[in-house]
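Please look over the structure shown here before reading the numbered points.

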Amino acid sequence: VSQSRYYEYEDLAAYYLQHAHMDMVHQVLKLALHCFPDAPELRIKKAQYLDALQNTQEELVILNQLEDLIEFKYDVYMIRGHIYSQIACSEQAIEQFKLAIPHADEPEDVYTALGIEFLNAHKPSDALYYLKKALKENPALDALYPDVFLCFEYTAQLKEAVNFFHAATDHSPFNFQAWFYLGISYLKLPDPPQAIKAFEYALAIQDQSVVARINKAQAHYQL
């Protein structure tokens, strides 16, 4: 079987995994591993497939076998971290994610995983530290803003939340999420007039946002 076929299998498995077509992933990997039973890239894909199915026992066996291969340490630690996260073993998950940091080409993915895991473990200060690091690496990760706001709220740092989201609007003035969470921060502070202004900016960007309209109305009610 040609080397090009090997990479076709790997790419197909990655594609079907990304789109959650698990039956197709199973078929591709079954054929691929029949042709290339010892290929570490394909075994990593099988571990990712098992992770999606939450088949942790077989998955851990594969990861333990691949851990000594330096080029796969990042994948091993990240997948193993997700396994521990799924079974509510936050301490072990955090340990694995931290081991992945030196091997990461895009450390924001590891920092995000750490931030979310610390938040799930009810450690918002640690969560905020890593979520900020993720956003410093990649400011476009505005999907993290809800979790960042929760960290500020849980640690009673609403003024710091206002400062953070103000800076975000300065950096990305047309970012709906930044203006919305600036409004939420002012609403919780509370500072209704400033909240209304922030929600108005958010609605100027997404005028059909129901949640922004509801929170703007709440801010008017607080006046």
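**Note on the helices, core and pocket**

1. Helix α8 has 14 residues, which at 1.5 Å a residue should span 20 Å, and its end C-alpha atoms are 20 Å apart, in agreement. The expected span is 1.5 Å times one less than the number of residues. Helices here are DSSP runs (H or I, at least four residues), numbered from the N terminus.

2. The model is predicted, so local features need pLDDT of at least 70 and side-chain atom pairs count only at pLDDT 80 or more, while totals for chains, interfaces and linings use all residues. Residues are numbered from 1 along each chain as its sequence is written, and side-chain values use heavy atoms, with hydrogens and water left out.

3. Within α8, the buried residues are P124, A127, L128, Y130, L131, A134 and L135. Buried means under 20% relative accessible area (1.4 Å probe, protein chains only). The cover over these residues includes α6 (90-100), α7 (107-120), α9 (145-154) and α10.

4. Helix α11 is mostly covered, with eleven of its 13 residues buried; among them are W179, F180 and Y181. These buried residues pack against α9, α10, α12 (192-205) and α13 (210-222).

5. Which residues touch the most other members of the largest nonpolar core? They are Y145, V148 and F165, in a core of 48 residues. Helix α11 (residues 176-188) supplies the largest share of this core, nine residues. A nonpolar core is a set of buried Ala, Val, Leu, Ile, Met, Phe, Trp, Tyr and Cys residues joined through side-chain atoms within 4.5 Å. Another core, of 24 residues, lies apart from it and includes V28, A47, L63 and F72.

6. Leaving aside residues up to four places away in sequence, F165 touches Y145, V148, F149, A178, Y181, L182 and S185. Contact means heavy atoms within 4.5 Å.

7. K73 lies in helix α5 (residues 73-86). Since its relative accessible area is 16%, K73 is buried. Residues up to four places away in sequence not counted, K73 touches E67, D68 and H103.

8. The lining of the largest pocket draws at least two residues each from α8 (124-137) and α10 (158-171), and α10 gives the most, with four residues. Residues in this lining include K132, Y145 and H171. A pocket is an open set of points on a 1 Å grid over the protein atoms alone, where a 1.4 Å probe fits, with protein on both sides within 12 Å along at least five of seven lines; lining residues have an atom within 4 Å of a point.

Definitions and conventions: Buried < 20%, exposed > 50% of the residue type's maximum accessible area, 1.4 Å probe, protein only.
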